[in-house]
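Load the model in your viewer and follow the stops below in order. Each stop says what to select and what is there.

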Amino acid sequence: ANRFDVLARDISSPPRQDRSRSPVAPPRGGRDPPEERLKRQITEIIEEYFANGDWKEAMTCVEELNSPDVITDFVRRGVILSLGFKDKHRNQLSDLFRRLYKARVVDDKQLTLAFDRVFDRYEDLALDHPSSATLLGQILALALLDEYLRLTYVLGLPVALVKNGTAEAILAACFKFIVSEAGPEMACELLDSSGIDLAPVLNGKEQKQFFKDQKLEALL
């Protein structure tokens, strides 16, 4: 089954739980600063979700964070942590973000801010994950396919990433992933519905030339 077959399951039918693992509990008090305890709690929620795939439990844990700023940080940290995991975990994470967005636990402003903070840290992330451009492009593609980010978002990628060519690499990975997962028709639909020209984030290259260079002529 492909990714969309898996994600198309009824929202009322959660995956089988791993009974060997207990639900995530808030960390006990200690000498750690509150922000460190919160960081650990977010990490535990994400890693538990990656392990058992129980989106209902994960959504409950996120809702209990009960703070717009903390939920924004949950999204940011989720994206960063997923760079060290497998494709299936990034699919899981995007599905969770989609559900949180549909349930209005997270909104457009929080998602945009969270992704902004990820891309602002790109240079640091690339030191730990040399394939960051490709992985972030795939995560961006998932966000577009799962409809909690719009393609217009890419026009706000950091200027530094545009100037050094990283933004182009991210977009190349993004569109190649969309074409492979959903077909060129979906990629064209996203482009047409957004009404944007990607040239401003291609460091002087025209959108048409970009697609030719990436062997994505089907999108022309």
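**Stop 1: two helices at an angle**

Select H10 and H11, which are oblique to each other. The model is a predicted one. Helix H10 covers residues 166–182, and its packing angle with H11 is about 130°, with the axes 6 Å apart. An angle over 145 degrees would have counted as roughly antiparallel, and 65 to 115 as roughly perpendicular. Now show the side chains of the contact: H10 supplies Phe175, Ile178, Val179 and Ala182, while H11 supplies Pro184, Met186, Ala187, Leu190 and Leu191. By class, the residues of this contact are 9 nonpolar, no polar and no charged.

**Stop 2: the whole chain**

Zoom out and colour by secondary structure. The protein chain has 12 helices and 0 strands. Of its 220 residues, 49% count as buried. Among contacts with a separation of 6 or more, 72% are between residues 24 or more positions apart.

**Stop 3: the largest nonpolar core**

Which residues touch the most other members of the largest nonpolar core? Select Phe74, Leu100, Phe115, Leu149, Phe175 and Leu198; the core they belong to has 70 residues. Helix H8, residues 132–145, gives the most to this core, with 10 residues. In soluble globular proteins, nonpolar side chains tend to be buried together.

Centre on Phe115. Leaving aside residues up to four places away in sequence, Phe115 touches Val75, Val79, Ile139, Ala143, Tyr148, Leu149 and Tyr153. Phe175, also in the list of core residues above, is one of the H10 residues in the contact of stop 1.

**Stop 4**

Select H5, residues 87–102. The 16 residues of H5 should span 22 Å at 1.5 Å a residue, and the end C-alpha atoms are 23 Å apart, which agrees. H5 is mostly covered, with 12 of its 16 residues buried. The buried residues include His89, Arg90, Asn91, Gln92, Ser94, Asp95, Arg98 and Arg99, as well as Leu93, Leu96, Phe97 and Leu100.

Step on to Arg104, in the loop between H5 and helix H6 (108–120). Is Arg104 buried or exposed? Arg104 counts as exposed because its relative accessibility is 78%, and the cut-off for exposed is over 50%. Check the backbone too: Arg104 is not a glycine, yet has a positive phi of about 65°. Most residues other than glycine have a negative phi.

**Stop 5**

Select Asn203, in the loop between helix H11 (184–194) and helix H12 (207–213). Asn203 has a positive phi of about 55° and is not a glycine. At 46% relative accessibility, Asn203 counts as partly exposed, since that class lies between 20% and 50%.

**Stop 6: Val162**

Finish at Val162, in helix H9 (residues 159–163). Val162 has a relative accessible area of 10% and is therefore buried. What does Val162 touch, not counting residues up to four places away in sequence? Show Leu157, Ala167, Pro200, Val201, Leu202 and Asn203. Asn203 is the residue of stop 5 with a positive phi. Draw a C-alpha to C-alpha distance from Val162 to Pro200: the two are 38 residues apart in sequence and 8.3 Å apart in space.

Terms used:
Residues are numbered from 1 along each chain as its sequence is written. This is a predicted model: local features need pLDDT of at least 70, side-chain atom pairs count only at pLDDT 80 or more; totals for chains, interfaces and linings use all residues. Side-chain values use heavy atoms; hydrogens and water are left out. A nonpolar core is a set of buried Ala, Val, Leu, Ile, Met, Phe, Trp, Tyr and Cys residues joined through side-chain atoms within 4.5 Å. Buried means under 20% relative accessible area, exposed over 50%, partly exposed in between (1.4 Å probe, protein chains only). Helices (H or I, at least four residues) and strands (E, at least two) are DSSP runs, numbered from the N terminus. Contact means heavy atoms within 4.5 Å. Axes are lines fitted to C-alpha atoms, for helices over the stretch in contact, and angles run from 0 to 180 degrees between N-to-C directions. Angles under 35 degrees count as roughly parallel, over 145 as roughly antiparallel, 65 to 115 as roughly perpendicular and the rest as oblique. Ala, Val, Leu, Ile, Met, Phe, Trp, Tyr, Cys and Pro count as nonpolar, Asp, Glu, Lys and Arg as charged, and the others, Gly among them, as polar. The expected span of a helix is 1.5 Å times one less than its number of residues.
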